[in-house]
Amino acid sequence: MTDYQAPLKDMRFALQELAGLRDLLALPAFASVDEDTALQVLDEAGNFARDIIAPLNVSGDRAGCRVVDRQVEVADGFADAYRQFVENGWPSLTGVPEFGGMGLPHTVGLAAFEMWNSANMAFALCPMLTSGAVNALSAHASEALKQSYLPKMVSGEWSGTMVLTEPHAGSDLAALTTRAVRDGDRYRLFGTKIFITWGDHPMAGNTIHLVLARLEDAPDGIRGVSMFLVPKYLVNEDGSLGERNDVFPASVEHKLGIHASPTCVLNFGESAGAIAYLVGEENRGMANMFTMMNQARLEVGVQGLALVERAYQLARSHALDRVQGTAPGHEGRVTIVHHADVRRMLLLMKSHVEAMRGAAYAMCADVDRSLHASDPAERERAAARAALLTPVVKGWLSEAAQELTSLGIQVHGGMGFVEETGAAQHLRDARILPIYEGTTGIQAADFVGRKILGDEGRAMKSLIADMRQTVAELDGADLDVIQAALREGTGLLENGVDWLLDNAVDDPDLPGAASVNLLMAAGIVLGTWHMARSALAVAGGHEEFDAAFCESKLVSARFFAEQVSPRAIAFVRAAMSGTASVMALDSDRF
Ligand SMILES: Cc1cc2nc3c(=O)[nH]c(=O)nc-3n(C[C@H](O)[C@H](O)[C@H](O)COP(=O)(O)OP(=O)(O)OC[C@H]3O[C@@H](n4cnc5c(N)ncnc54)[C@H](O)[C@@H]3O)c2cc1C
């Protein structure tokens, strides 16, 4: 039996020891929130995950969604679960108080988000997109738009979407052609968008699309893209719903996973044009959309963590139950958890979960600090760190989820390949993570291009310096294996960054050839760092965490240092092989 609350203790540990929750809550912006309240909220979020949305995970996967009479129908039970989600106030957890939000730190919201995604990722995508749209509108919309739309979006009464992709414009959004035509003080949109998550559904009273489109006199490329708000139903001046707008779902995709999340082809302007309102300035749409995309990139990484946590719980239950073979030192036949290789697989999952959680929560705490720290220098430092780590957390966590949900199947043996156990659904659902919100290739290009070469390696050097501080703190802590792994990892990262800075100018293909390998190395060293910080926190016991928890943490950290950290050596070596073989074949030889 999977327990969506089981990781609560580790979440609390990561929040306190790795993300610095107590310091965050001491900021004036969070004066109304104390630690006990934050932890109680998480407890309740776990109950909601377990009792209301987890039971719909398998049935939603089997039922999927369909378009009937130009509307999307969702799986049974989803609309009722969403109603309860809204009635319980969950969408407004981190929303701005000015528009009815509770104003909790995003870091606390992220822990709740993790549990909802463990329980039912297809469901959790709907509020995830709404919260991203809320943040983008809060940052860039006019006061009038905010007043009309934000209160109902913050409460979840209306949901939000992110509408970028077109058939010929996926990674390359500069190629998008959806047309925006001026019509007085508003606009009309014409075009077809594809792959729009929760692009239409009956669960919320209205669906608010944030759409990228191009004005007819706009410059070519990404500098000619603007952001528009397009409601499914127009909103009257008194706030009531008016006419149906000219945006309709043409179909939903048949996918490998997340079947219960409708992924829509949306037609804008089949007749007079979809009425749209400009968000921010004309031709600034891409920059403004990054507010939503950066948040979503962190969250997609956490979806990977969430699925691995759940896959781990399932695999652990199976390993404790399934009897097969004999093991040294044990009489008779044993449960498979006694086999060293099964333990290796379980520890790969467990230690990754802890490292991934540390990396994601600590990064999110920097997002909170970048918004709310009292000292402007601290806000700037935190913003630079969060920007550097966004592609790493998205890329590494979503790629790691592929291996680890697959290992969840492996622990089950043949029963893992059979849908009834549920292990296969986690792998199927996880497969989208390295694709949407920018593929791993695009994250890696951002990491090496903008985040390393773009600032001449300064943000990376600052991260490496912080990691070296932990290496120094490990002196005398009797954690030699962990200290050695982190020392080696920081050296590898430094060499990789210096090599990139030295060679990228002369070889324009080099950043692209090296990028994913460098991103994966950075992810593994980041994980090593947070495991080392965890080990330091529990090495002499811990006032608030019991001895068994501390011992388990130390074992995870040591295992990660011994069995995962060395992978960074291979990634950096592969990166530094350069472009010779990668670029050798003419395209027609593939
Ligand atoms: C289930 C699902 C839900 C989605 N939800 C949404 C949504 O809500 N809103 C939305 O707007 N979109 C959504 N998308 C679209 C998603 O963001 C795109 O699929 C993704 O950005 C990749 O674009 P593409 O599919 O066109 O692939 P392509 O861009 O064609 O990429 C194909 C391959 O080429 C590589 N590649 C392309 N360009 C480069 C480059 N410059 N450098 C290096 N490698 C490159 C990619 O990494 C990839 O491996 C969703 C997609 C799916 C499948």
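Helices α5 and α6 are roughly perpendicular to each other (a class covering angles of 65 to 115 degrees), since their axes cross at roughly 90 degrees and come within 11 Å. Here α5 spans residues 78-87 and α6 spans residues 106-140; helices (H or I, at least four residues) and strands (E, at least two) are DSSP runs, numbered from the N terminus. Axes are lines fitted to C-alpha atoms, for helices over the stretch in contact, and angles run from 0 to 180 degrees between N-to-C directions. The contact (heavy atoms within 4.5 Å) is made by F78, A81, Y82 and F85 of α5 and by W116, N120, F123, C126 and P127 of α6. Eight of these residues are nonpolar, one is polar and none is charged; Ala, Val, Leu, Ile, Met, Phe, Trp, Tyr, Cys and Pro count as nonpolar, Asp, Glu, Lys and Arg as charged, and the others, Gly among them, as polar.

The model is predicted, and local features need pLDDT of at least 70, side-chain atom pairs pLDDT 80 or more, whereas totals for chains, interfaces and linings use all residues. Residues are numbered from 1 along each chain as its sequence is written, and side-chain values use heavy atoms, with hydrogens and water left out.

Helix α13 (residues 440-452) packs against helix α16 (residues 510-538) at an angle of about 90 degrees, the axes being 8 Å apart. This geometry makes α13 roughly perpendicular to α16. From α13, the contact involves T440, G441, Q443, A444, A445, F447 and V448, and from α16 it involves P511, S515, V516, L518, L519 and A522. The contact of α13 with α16 comprises nine nonpolar, four polar and no charged residues.

The ligand is surrounded by 17 residues (a heavy atom within 4 Å), the closest being T165, S171, F195, T197 and T439. Among the polar contacts (pairs of N or O atoms within 3.5 Å), a polar side-chain atom of S171 lies 2.6 Å from a ligand oxygen atom. An N or O atom in the side chain of T165 is 2.7 Å from a nitrogen atom of the ligand, and for the side chain of T197 the distance from a ligand nitrogen atom to an N or O atom is 2.7 Å. The elements giving two or more residues to the shell are β3 (158-163) and β5 (186-197), and β5 gives the most, with three residues. By class, the shell contains nine nonpolar, six polar and two charged residues.

Definitions and conventions: Polar contact = N/O pair within 3.5 Å; in protein donor to acceptor, adjacent residues only side chain to side chain. Parallel < 35°, antiparallel > 145°, perpendicular 65-115°, else oblique.
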